[in-house]
Amino acid sequence: MITLYTIPGSSATAARIALDEAGADYELVQVERDDAGNNISPAGYAALNPMGKVPTLVDGELVLTEAAVCCLYIAEKYPDAALMPRAGSDDWARTLRWLTLLTNTAQSAFLRWYYPDQYTSDAAGLEAVQEASVAELARVAEVLAAQIGDGPFLIGRQFTVADGFLAMLTGWSGDLSPGSRWADNPTLAAHYNAVAQRPAAGTTLVAEGFPAAFAD
């Protein structure tokens with residue numbers, strides 16, 4: 001059985017959405033941190049994930065980290081769930097493109113906004129780090145909205161693991177100032193709602209502390 005190590009609302013949400021959409025049998029283990037951000041349980045977690053982050057997915061002897069990788073593994077392990085287009089197809093390549101943008105560019109920008117002190121040693125520069133991340137997130141939001149169009153998903157009618165990942169990030173953006181939140185974009189709000197209306201994904205989003213819907 002798969003074990004997913006997680007912190008509620010973290011990037012492990014995307015992997016949990018994929019597991020629930022696949023109807024997988026899995027166990028959730030919550031990683032706990034002290035006030036300084038150090039992992040304190042479960043014991044031995046650093047041996048599984050030397051970076052100390054979540055998610056970590058364990059399937060037998062296989063140990064995976066990085067949310068996008070976990071999502072792709074789940075999609076491959078449960079092909080009947082159709083969480084990825086056919087391997088080698090144009091839509092498969094497009095899904096990889098958008099998932100990579102989400103994890104490499106968008107998620108990284110969110111992390112700079114949440115933890116600016118990890119990206120500069122100049123205490124006076126924290127606000128500038130956050131301002132730059134908000135500007136980058138705005139550009140990414142425009143690109144994603146143009147791709148979705150009438151959607152409702154990133155590649156049209158098919159829900160993929162990239163859509164679960166995007167919904168998670170749209171949920172994260174609720175912590176930004178009004179006008180900078182991705183859900184302020186009607187197309188991204190409609191995308192989030194389309195994901196949240198799926199019984200499995202919607203239940204997971206709410207369980208992870210995200211809204212049941214955004215006004216679109």
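Leaving aside neighbours within four places in sequence, leucine 144 is in contact with Trp98, Leu101, Leu102, Leu154, Leu166, Trp182 and Leu188. The model is a predicted one.

- In soluble globular proteins, nonpolar side chains tend to be buried together.

**Strand E1 and its partners**

- Strand E1 (residues 2-6) pairs with strand E2 (residues 26-30) in the parallel sense, over five bridges.
- Within this pairing, isoleucine 2 stands opposite tyrosine 26, and tyrosine 5 has valine 29 as its bridge partner.
- The pairing of E1 with E5 is antiparallel and runs over four bridges.
- E1, H1 and E2 form a β-α-β unit of right-handed sense.
- Five of the five residues of E1 are buried.
- Ile2, Leu4 and Thr6 point one way from the strand, whereas Thr3 and Tyr5 point the other way.
- In a regular strand the side chains alternate between the two faces of the sheet.

**Helix H3**

- In helix H3 (residues 67-77) the buried residues are Ala67, Ala68, Cys70, Cys71, Ile74 and Ala75.
- These residues lie on the same side of H3, because they cover an arc of only 160° around the axis.
- Their packing partners are helix H1 (12-22), strand E5 (56-59), strand E6 (62-65), helix H4 (90-114) and helix H6 (161-172).

**Helix H8**

- Ala201, Gly202, Thr204 and Leu205 are the buried residues of H8.
- Viewed down the helix axis they fall within an arc of 160°, so they line one face of H8.
- The exposed residues Pro199 and Thr203 are carried on the face turned away from that buried side.
- H1, H6 and H7 are the elements against which the buried residues of H8 pack.

**Backbone geometry in the loops**

- Most residues other than glycine have a negative phi, and most peptide bonds are trans.
- A cis peptide bond, with omega near 0°, leads from serine 41 to proline 42; proline 42 is in the loop between strand E4 (39-41) and helix H2 (45-48).
- The peptide bond from glycine 151 to proline 152 is also cis, with omega near 15°, and proline 152 belongs to the loop between H5 and H6.
- Glutamate 66, a residue other than glycine, has a positive phi near 75°.
- This glutamate 66 sits in the loop between E6 and H3 and is partly exposed, because its relative accessible area is 48%, which falls between the limits of 20% for buried and 50% for exposed.
- Alanine 82 is not a glycine but has a positive phi of about 55°.
- The position of alanine 82 is in the loop between H3 and H4, and its relative accessibility of 37% makes it partly exposed.

**Aspartate 122**

- Aspartate 122 is part of the loop between H4 and helix H5 (126-148).
- With a relative accessibility of 43%, aspartate 122 counts as partly exposed.
- The side chain of aspartate 122 reaches the backbone nitrogen of alanine 124 at 3.0 Å.
- Aspartate 122 and leucine 111 are eleven residues apart along the chain, and their C-alpha atoms are separated by 17 Å.

Methods: Residues are numbered from 1 along each chain as its sequence is written. This is a predicted model: local features need pLDDT of at least 70, side-chain atom pairs count only at pLDDT 80 or more; totals for chains, interfaces and linings use all residues. Side-chain values use heavy atoms; hydrogens and water are left out. Buried means under 20% relative accessible area, exposed over 50%, partly exposed in between (1.4 Å probe, protein chains only). Helices (H or I, at least four residues) and strands (E, at least two) are DSSP runs, numbered from the N terminus. The arc is that of the directions from the helix axis to the C-beta atoms. Contact means heavy atoms within 4.5 Å. A polar contact is a pair of N or O atoms within 3.5 Å; within protein, one must be able to donate a hydrogen and the other to accept it, and residues adjacent in sequence count only if both atoms are side-chain atoms. Two strands pair if DSSP finds at least two bridges between them. A crossover is right-handed if, with the strands pointing away from the viewer, the path from the first strand over the helix to the second runs clockwise.
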